[in-house]
Each structure stands twice: as structure tokens, then as C-alpha cells.
Amino acid sequence: MDEDAESRVSSTRSYDRRGHLDWLRKLPDSLLCQVFLNLPTKDVVKTSVLSSTWGNIWRSVPGLDLGYGDFPEYNAFVSFVDSFLGFNSESRLQNFKLNYQYLRLKYEWKWTELDNANVTRWINTVIKRKVEHLHVLDGSNPESVSLPCVKVMYLDMVKFANDLAFEMLISGCPVLESLTIKRSACDNVDYLRVCSQSLLSFTLVGHCNEDMVKEQVVAIDAPRLEDLKLYCHETASFIIKNPASLVKMDIDIMFNLSSEQKFDPNDLPKRNMIRNFLLGISGVKEMEISSHTLEVIYNYSRCERLPVFRNLSSLHADFDDYRWEMLPVFLESCPKLKSLSVGFSKTPGEEPISILPGPQCNLPALEFVDILKPMVEKEKELKLMSYFLEKSTILKKLTLRLGDFRGNEESALLKKLLTIPRLSSSCQVVVL
């Protein structure tokens, strides 16, 4: 390269104060807008002081992520949202996220008709701009709305007029692919029906109000659903239709059963509901499950046979205490399970409730076991490892992650592990 050409290239480059080449300031505006789309709007606005060429670029970012806590008072917040939505009003908007919770918690702010009118007006505006990701936190949703371009929706503590209002909202999203709902105890929805022909991922987080006495129902009819996450103890009934596409599940549910209200084998409607639910998810391939759900399944299995989870190949089980004995009952219904990880946590001072273990058959397909958090009670831990080593026909590797439990305890544990007979001659035991 001659000196003139090298000089021309050098003149187009930008350097920071340390003399390093600063590629960020040389990015085209369209690419910068996509980068800024991943930041809260208040941080994007702050970038305007970093470069003389970035003064107004925040106005062109195709997304808004704001909370009332970002402004000194409410009118400033409303004014900013109105102004932002007025910029490039003909362009497409990818993300729209509003968070009202900060002001409500800090200043005991009450929701009013004016607030509802503002949200309705804003949502109508972003609909016209073909918004794809909609996240509404802690407010009232319009009773009837059409969101023809929304692919991702997050409803956080949103209040609805009634069951039908929620159902109409979902039906107004014909291309919706991902839906997350964090419920409020006063969301006015007792029968939550998610009916969507396009939905691929659904996450439901319950409100954890133990005083609720209503028999809440969740019904899911989504034939393309692949990823399902349910974290709600208070919901009494789950109905899953068209589950053929289900691939991954993460469940922490109790069907509104608690330590005080145990599973009643004579409650035929509850038995039928649990049976149909288990049948509905029996084709899943990957699963994470809580000890609460395992306990319900264990108690249910004492009066009815579990369905076969014919495709389940990967399972992670989390235990609040050391009652792992309920796990084998479920594993016996998973003939193709290849990988299993188990984690433990125990509430200080909590006494575990005894579980009567059922028959423990061989595990014909299990190849990998990973015990993520060791127990404090080493005898129970040895019993758990003995179960896997003695019952797994083709086990290749059992990993025990000791964490802080090292030194003499580790040495003693390793000696005991060597004495446990192994059904699989090729099994490797690893202690980390």
C-alpha cells in the first residue's frame, strides 16, 4: 500500500484516549440501534454524551424499555413516552416494555383511569408500528386488542376484566411465539385458557398466595408448543391439549395440595385430572422437576400406575430436603432416560417427612448421573449413589460434586464408594 492510500485509510479510523482503535464509533447507525436495543432506554439516552455523532441516535432505536422509577415524577414519564413514540412514527417498533411497579412500591401510587387510558393509547400506537415484543408490568390491560405482529409477550402482574378478557388478548395475537405470565392474586382470572396455533414457548409463574380458596384452572391448547415452564403451587387443575410437539418442560406444581391438604386417593376428579396431565406431558424429551411435584406423583402412584414417559432422555430433579426415595418411582416410568442430574437444598432446622420407597427396578438406559449438591447426611448420600451404581445397567459416569466438603470427609467417602458394587463394569465415578 502506498503512503497516500495508507493515509486515507488512517484518516477514516477513530481512536480512543489510550490510542486503541475504536471500532464502536465507526459502526453504522442501523447496527448501533440494534446494539442499543438490548439496553434500558435510560442507558441508551446516556450514550448521547459519549460521541458527537450519537446525540439523537437513541430516538431511532426500535424499542422502549422504561419504568416510572427512571423519572422524577409521573408527568415527565408520560411526556417522554409520548415523545419517543412520536419519533419515526412510521417505522416498525420491535420492543415495548413498561414497568410501573417501582413507583407503586416506593410511593404507594394507585392505579387510576388516566393511567389505564395512557397505557391503552400507547399500546394502540405500538400496534400500528407493528410491535413484536410486548412486556407490560403491573397494570390493567385493554379488554379487547389485536396484536397482529407480536411474537413475544410478557405479562407481569397484569390485571384483567375477567377470564374472557385474557382469552381475547391471546386470540388477538395470531403470530405469538413466546408467552410469559407472572400472575397476580387479583388478576381476575380463575380459568386461564391459553389457546394459540402459533405458540412455541409458554412460562407461567404463580402468585404464591396460600390464602386463595378458588379452584383456579390453567388450560393450554397449543399444538406447536415445544417449551413449557410451570411454577405455581396454587393452581388446582392443569389441562394440556394437543401436546404432540412438547420437547422441554420445567415444572414446580402441587395442584393446590400442601402438607396440610394431602393427596386424597378417593378424590376421583383430582385423580383423573392428574392422570390426564401426566399423559399430556408423557411425550416430553427433557424435563426439570421439583420435589414438590415428585411428591404428588409419588402419592398418586400409590393408587394408580404412572404413564410411560417414552421419550424422556434428560432429567434434572431438585429436592428441598433429602427425600430422594420418591425419585425411583418416577424413574421406573422413564425407560429411555440417559442423563440424570440431582440437586439438594435443605431449610435449616426442617425435619424431613418420611417417604416409604417403592420397588426399585433396574435403570436400563441410564448413562450419566450428576449429583450437583451433596447432602450433609452422608449415609443418605451413599444410599443414593448405591442405588444408581447397583441399578444402572449401562452407567458410564457418576459425578459427585462435593463443593466445600473436602479433606478427610472426601477421603472417607471415596473409600466407601469403592466398596459399592456396580452393575455396569465400565462405570467411572468422579468426585469434584
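Which residues line the largest cavity? Select L155, D156, M157, V158, F160, F166, I181, K182, R183, D187, V189 and L192, and you have the lining on screen.

Before going on, a word on what is loaded. This is a predicted model, in which local features need pLDDT of at least 70, side-chain atom pairs count only at pLDDT 80 or more, and totals for chains, interfaces and linings use all residues. Residues are numbered from 1 along each chain as its sequence is written, and side-chain values use heavy atoms, with hydrogens and water left out.

**Stop 1: the largest cavity**

A cavity here is a set of points on a 1 Å grid over the protein atoms alone where a 1.4 Å probe fits but cannot get out, and lining residues have an atom within 4 Å of a point. Grid points are joined across faces, edges and corners, and a volume is the space filled by probe spheres set on the points. With a cut-off of 30 Å³ or more, the count is two cavities. The largest one holds about 60 Å³ of space.

Now color the strands β4 (152–156) and β5 (178–182): each gives at least two residues to this lining. Strands (E, at least two residues) and helices (H or I, at least four) are DSSP runs, numbered from the N terminus. Coloring by class shows eight nonpolar, no polar and four charged residues around the largest cavity. In this scheme Ala, Val, Leu, Ile, Met, Phe, Trp, Tyr, Cys and Pro count as nonpolar, Asp, Glu, Lys and Arg as charged, and the others, Gly among them, as polar.

Stay with M157, one of the lining residues. M157 sits in the loop between β4 and α7 (163–171), and its phi is near 60 degrees, a positive value in a residue other than glycine. M157 is partly exposed at 25% relative accessibility; buried means under 20% relative accessible area, exposed over 50%, and partly exposed in between (1.4 Å probe, protein chains only).

**Stop 2: the second largest cavity**

Next, select I220, A222, L225, I240, K241, N242, P243 and L246, which line the second largest cavity. Its volume is about 50 Å³, and its lining divides into six nonpolar, one polar and one charged residue.

Center on I240, which belongs to strand β10 and is buried at 16% relative accessibility. Beyond its neighbours within four places in sequence, I240 is in contact (heavy atoms within 4.5 Å) with I220, L228, F277, G280 and I281.

**Stop 3: H233 and its surroundings**

Move to H233, in the loop between β9 (227–232) and β10 (237–241). This histidine is partly exposed, with a relative accessible area of 27%. Which side chain does the side chain of H233 meet in a polar contact? Show D252: the pair makes a polar contact at 2.9 Å. The term covers N or O atoms within 3.5 Å; within protein, one must be able to donate a hydrogen and the other to accept it, and residues adjacent in sequence count only if both atoms are side-chain atoms.

F255 is also among the residues that H233 contacts. F255 lies in the loop between β11 (248–253) and α8 (268–281), is buried at 2% relative accessibility, and has a positive phi near 55 degrees.

**Last stop: the cysteines**

Finally, select C173, buried at 2% relative accessible area, and C232, buried at 1%. The whole structure has zero disulfides, a disulfide being a pair of cysteine sulfur atoms within 2.5 Å.

How values were computed. 1 Å grid on protein atoms, 1.4 Å probe; cavity = no way out; pocket = protein on both sides within 12 Å on 5 of 7 lines; lining within 4 Å.
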